[in-house]
Amino acid sequence: MSSLLDKLLHFAIGLGVGVLFWAGLERYHRAAARVINPLVFLFMVVWGASGLFLFRQLGIPLLSHTAFYMAIPDWDLPLYKLTRLRFLIHRSWPFHSVLIPLLLLGLWLWLSRRPGLNRWQRAGLSTLRDGAIGLSVGMSAHLIWDALLSSTRRGFYIHGFSRGTSLLWLLINLTLGLGVPLVIARALSRTGPVSSGE
Ligand SMILES: [Zn+2]
């Protein structure tokens, strides 16, 4: 499979999972769908699933930088080249997991409990939360396509893990990657502003 087709499929699966997740919000946690910024969510879904790969050749400052055009799960490729740390060999556990978005959500939870936040700080924290939720859904979608694609070859492996552990890793990360954002959405729809007329 060409790398462009692979990226397009990562993009398509990312969009598909993102749309399904959002439809779930609209159906079951409507108030959360009114609170979460859909643009921040979508941007981070794409970044986590496929990266902004179309920008690669365009030479736009920042957007054509490796870190942007590359999906965040694939950041282990340049990082390994740079550092030669063995745990960063591609399909590494820190990047082929939902560890990064969950850490960001943990940071959001910790910061948002601080008293005396001003308007701008609260707005910044909402962006952090919505971005981390999008990234969690996007990286889950990336894992789904990695697993589907590689199952046609030699099976899905996380670098350094056995086949069984890799599949368990996949299952745990998909559960957390889609489940934690849903739990947060549920909490938001209880505490968030009540939408008018419903
Ligand atoms: Zn991957």
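Colleague: Which residues does Trp47 touch, not counting residues up to four places away in sequence?
Modeller: This is a predicted model. Contact here needs C-beta atoms within 7 Å. With residues up to four places away left out, Trp47 touches Leu52, Ala71, Ile72, Leu135 and Gly138.

Colleague: Which element gives the most residues to the largest nonpolar core?
Modeller: That core holds 36 residues, and Trp47, Ala49 and Ala141 touch the most other members. Elements giving two or more residues include H1, H3 and helix H8 (163-191). The top contributor, with 9 residues, is H7.

Colleague: How are H1 and H3 oriented to each other?
Modeller: Helix H1 (residues 3-28) and helix H3 (residues 38-49) pack with axes 9 Å apart, at about 140°. Roughly antiparallel would need an angle over 145 degrees. H1 and H3 are therefore oblique.

Colleague: What is the handedness of the crossing of H1 and H3, and how many nonpolar residues are in their contact?
Modeller: The crossing is right-handed. H1 brings His10, Phe11, Ile13, Gly14 and Gly18; H3 brings Leu42, Val45, Val46 and Ala49. No charged residue takes part, 3 are polar, and the nonpolar count is 6.

Colleague: Is Asn37 buried, partly exposed or exposed?
Modeller: Asn37 sits in the loop between H2 and H3. Buried takes 20 or more C-beta neighbours within 10 Å, exposed 12 or fewer. Asn37 has 16 inside 10 Å, so the class is partly exposed.

Colleague: Which residues does Asn37 touch, not counting residues up to four places away in sequence?
Modeller: Leu105 lies 68 residues from Asn37 along the chain, with 15 Å between their C-alpha atoms. The contacts of Asn37, with residues up to four places away left out, are Thr127 and Asp130.

Technical notes. Residues are numbered from 1 along each chain as its sequence is written. This is a predicted model: local features need pLDDT of at least 70, side-chain atom pairs count only at pLDDT 80 or more; totals for chains, interfaces and linings use all residues. Axes are lines fitted to C-alpha atoms, for helices over the stretch in contact, and angles run from 0 to 180 degrees between N-to-C directions. Helices (H or I, at least four residues) and strands (E, at least two) are DSSP runs, numbered from the N terminus. Angles under 35 degrees count as roughly parallel, over 145 as roughly antiparallel, 65 to 115 as roughly perpendicular and the rest as oblique. A crossing is left-handed if the near helix is turned anticlockwise from the far one by less than a right angle, and right-handed if clockwise. Two residues are in contact if their C-beta atoms, placed from the backbone, lie within 7 Å. Ala, Val, Leu, Ile, Met, Phe, Trp, Tyr, Cys and Pro count as nonpolar, Asp, Glu, Lys and Arg as charged, and the others, Gly among them, as polar. A nonpolar core is a set of buried Ala, Val, Leu, Ile, Met, Phe, Trp, Tyr and Cys residues joined through C-beta atoms within 7 Å.
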